Amino acid sequence: MTEIDLNGRVAIVTGAARGLGREHALALASRGATVVVNDRDAADAVVEEIRAAGGVATADANDISTLEGATRIVELATSTYGRLDILVNNAGILRDRSFSKLSEEEWTSVLAVHLGGTIWMSKAAWPVMVEQGYGRIVNTTSAAGIFGNFGQVNYGAAKAAIWGATKTLAIEGARHGINVNAIEPGARTRMTENLLGEYADRLDPSLVSPVVVWLSAEACTTTGEVFNVGGGRVARVVIAQTPGYFSRDLSPEGVRDHWDELNSPDEVQVMVSFQQEFEVLAALLTDGAPVTAGS
């Protein structure tokens with residue numbers, strides 16, 4: 001089988017000085033991509049690693065949490081290398097706090113870096129990719145954004161929003177050749193090393209980056225999906241619904257009496273779009289009776 005080749009492609013990786021971002025940058029460079037290594041701290045060291053291995057890279061320290069900073073990063077890539085093909089939105093911070101003690105700064109700073117960084121970097125890269133008719137964006141969500149986690153309402157909210165942004169950007173990017181996906185990584189980093197217990201040594205961040213390389217490749221046509229990645233395992237994460245309970249005379253008592261039935265996961269169906277979700281309801285409304293308030 002042929003190896004994945006990213007020669008001629010230009011990538012930006014945010015938060016790339018350490019942990020997952022560093023591994024993503026090194027992995028992309030090892031496959032021939034030119035990499036802009038963005039981080040506010042120690043990006044030069046990663047650039048030197050890439051260059052020492054024969055690759056091409058440039059360090060950048062602009063702030064991803066504003067459109068102005070994001071635009072500067074994209075302009076660095078395009079003015080230096082002439083194009084931008086791959087954007088890996090990886091940068092993040094933690095300000096864990098139980099909800100009752102959460103401060104406004106702890107809320108706004110986490111959303112600014114995780115969600116703001118993803119949105120503004122994608123916004124800055126978008127016109128470049130649209131003009132090229134080609135692009136690959138890989139976002140980073142989290143189990144905390146899917147399932148929740150104590151003390152992480154700020155982080156979980158940001159990561160859940162990234163899931164929704166990924167789905168929407170994939171829809172808007174489809175006609176322009178822009179694929180947008182997300183990873184839900186499990187890896188030992190400065191942010192997680194105290195949370196993984198006995199499994200920390202088995203969750204090296206380098207075991208996440210191969211998926212980023214594949215999602216960054218032209219041959220990968222997948223878009224709008226989320227993948228759980230960690231410790232050597234890769235799995236698609238899906239949204240599913242139970243068959244539910246349907247009544248044209250819906251009442252609180254009817255909901256109560258069918259609660260176990262509508263919550264049962266025995267016959268769940270994977271949903272890939274809101275159109276599919278609506279089709280399920282439309283099939284139940286084929287009697288043509290109008291939907292009225294309280295019905």
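# Notebook: a predicted chain, looked up piece by piece

**Entry 1, the whole chain.** I began with burial, and of the 295 residues of the chain, 41% count as buried. I note at once that this is a predicted model, so that I keep it in mind while reading every distance below. I then looked up the outline, and the C-alpha atoms fill a box of roughly 70 × 45 × 40 Å when this is taken along the principal axes. For the secondary structure I wrote down 10 helices and 10 strands.

I looked up how the chain is divided, and found domain 1 at residues 10-237 and domain 2 at residues 240-287. Taken over C-alpha atoms, the centres of domain 1 and domain 2 are separated by 36 Å.

I went to the loop between β2 (34-38) and α2 (43-52), where aspartate 39 lies. Which side chain of opposite charge is nearest to aspartate 39, given that it is buried yet has no salt bridge? I found that it is arginine 18, at 5.4 Å, and the cut-off for a salt bridge is 4 Å between a side-chain nitrogen of Lys or Arg and a carboxyl oxygen of Asp or Glu. I next asked what the side chain of aspartate 39 does reach, and I noted the backbone nitrogen of alanine 16 at 3.3 Å. The backbone nitrogen of alanine 17 also lies 3.1 Å from a polar atom of the side chain of aspartate 39.

Alanine 42 is partly exposed, with a relative accessible area of 33%.

I turned to strand β5 (residues 135-140), in which asparagine 139 is found. Is asparagine 139 buried or exposed? I read a relative accessible area of 0%, so asparagine 139 is buried. I also looked for a partner of its side chain, and found a polar contact with the side chain of threonine 166 at 2.9 Å.

How many salt bridges does the structure hold? I counted 11 salt bridges from the record of the calculation, and I looked up several of them in turn.

The side chains of glutamate 68 and arginine 72 meet in a salt bridge, with N to O at 2.7 Å. Because these two residues are 4 residues apart in helix α3 (residues 67-81), they are separated by about one helical turn. Glutamate 68 counts as exposed at 53% relative accessibility, while arginine 72 counts as partly exposed at 43%.

Glutamate 106 and arginine 97 also meet through their side chains, and here the N to O distance is 2.6 Å. I noted that glutamate 106 is buried, with a relative accessible area of 9%, whereas arginine 97 is partly exposed at 38% relative accessibility.

Arginine 236 forms a salt bridge with glutamate 225, and the closest N and O atoms are 3.0 Å apart. This pair links distant parts of the chain, with arginine 236 in strand β8 (residues 233-237) and glutamate 225 in the loop between α7 (209-215) and β7 (226-230), 11 residues apart. Arginine 236 counts as partly exposed at 44% relative accessibility, and glutamate 225 is buried at 15% relative accessible area. I then found that salt bridges that share partners join Arg9, Arg83, Asp85 and Glu218 into one network.

When I looked for aromatic pairs, with ring centres within 6.5 Å as the cut-off, the count came to 0 aromatic pairs.

I ended in strand β8, where valine 237 has its place. Valine 237 is buried, with a relative accessible area of 13%. I compared its position with that of alanine 182, which is 55 residues apart from valine 237 along the chain, and the two C-alpha atoms are separated by 9.9 Å.

Definitions and conventions. Residues numbered from 1 in each chain as written. Predicted model: local features only at pLDDT ≥ 70, side-chain atom pairs only at ≥ 80, totals over all residues. Heavy atoms only, no water. Phe/Tyr/Trp six-rings, centres within 6.5 Å; stacked < 30°, edge-to-face > 60°. Domains from an automatic or database assignment. Buried < 20%, exposed > 50% of the residue type's maximum accessible area, 1.4 Å probe, protein only. Lys, Arg positive; Asp, Glu negative; His and termini not counted. Polar contact = N/O pair within 3.5 Å; in protein donor to acceptor, adjacent residues only side chain to side chain.
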